[in-house]
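Colleague: I would like to learn how to read a structure like this one. Could you take me through it feature by feature?

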Amino acid sequence: TKLIPEIKNEGLSNIFIFIASDVHEKSISIREIVAQYNLNPNETIYIGDSSGDVKEGKKAGVLTAGVTWGFQDKKVIEKSKPYLIIQNSISFPMLL
């Protein structure tokens with residue numbers, strides 16, 4: 001996957017507690033990560049690039065954010081009603 005090199009290239013490695021990719025049961029994995037790191041779901045944001053990712057984050061009980069430069073475009077992401085829409089990687093540090 002190219003996700004981790006992209007995150008490093010953008011200088012964003014230090015703002016994430018956990019990065020996972022190529023996960024099939026996303027809502028289960030999200031809940032496991034929240035429990036493992038003792039995170040508050042109301043302060044945890046799952047970031048994805050598809051409406052399916054937003055759905056899985058909501059199913060897991062965490063906040064969701066959709067990026068507009070990935071698998072699906074902004075219009076599709078907006079229809080899934082994420083908590084946040086992120087238009088570029090510069091926005092990530094502002095989420096903290």
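Modeller: Gladly, and let us begin with surface patches. Patches are made of residues with over 30% relative accessible area and no salt bridge, where like charges are joined within 9 Å and nonpolar side chains (Val, Leu, Ile, Met, Phe, Trp, Tyr) within 5 Å. A salt bridge here is a side-chain nitrogen of Lys or Arg within 4 Å of a carboxyl oxygen of Asp or Glu. Areas come from the Shrake-Rupley method with a 1.4 Å probe, and for residues only the protein chains shown count as cover.

Before the case itself, some ground rules. This is a predicted model, in which local features need pLDDT of at least 70, side-chain atom pairs count only at pLDDT 80 or more, and totals for chains, interfaces and linings use all residues. Residues are numbered from 1 along each chain as its sequence is written, and side-chain values use heavy atoms, leaving out hydrogens and water.

Colleague: Which residues form a nonpolar patch on the surface?

Modeller: Ile17, Phe18 and Tyr37 do, and together they have about 290 Å² of accessible area. Buried means under 20% relative accessible area, exposed over 50%, and partly exposed in between (1.4 Å probe, protein chains only). Tyr37, at 35%, is partly exposed.

Colleague: And how do I read the secondary structure?

Modeller: Helices (H or I, at least four residues) and strands (E, at least two) are DSSP runs, numbered from the N terminus. This chain has four helices and three strands, in the order α-α-β-α-β-α-β from the N terminus. Tyr37 sits in the loop between helix 2 (26-36) and strand 1 (45-48).

Colleague: What should I look for in a helix?

Modeller: An α-helix has 3.6 residues a turn, so residues three or four places apart point the same way. In helix 3 (residues 51-60), the buried residues are Asp53, Val54, Glu56, Gly57 and Ala60. They line one face of the helix, because seen down its axis they fall within an arc of 165 degrees (the arc of the directions from the helix axis to the C-beta atoms). Lys55 and Lys59 are exposed on the other side.

Colleague: What do the buried residues of helix 3 pack against?

Modeller: Contact means heavy atoms within 4.5 Å, and these residues pack against helix 2, strand 1 and strand 2. From strand 2 (residues 63-67), take Thr64, which is buried with a relative accessible area of 2%. Not counting residues up to four places away in sequence, Thr64 touches several residues, including Val54, Gly57 and Ile45.
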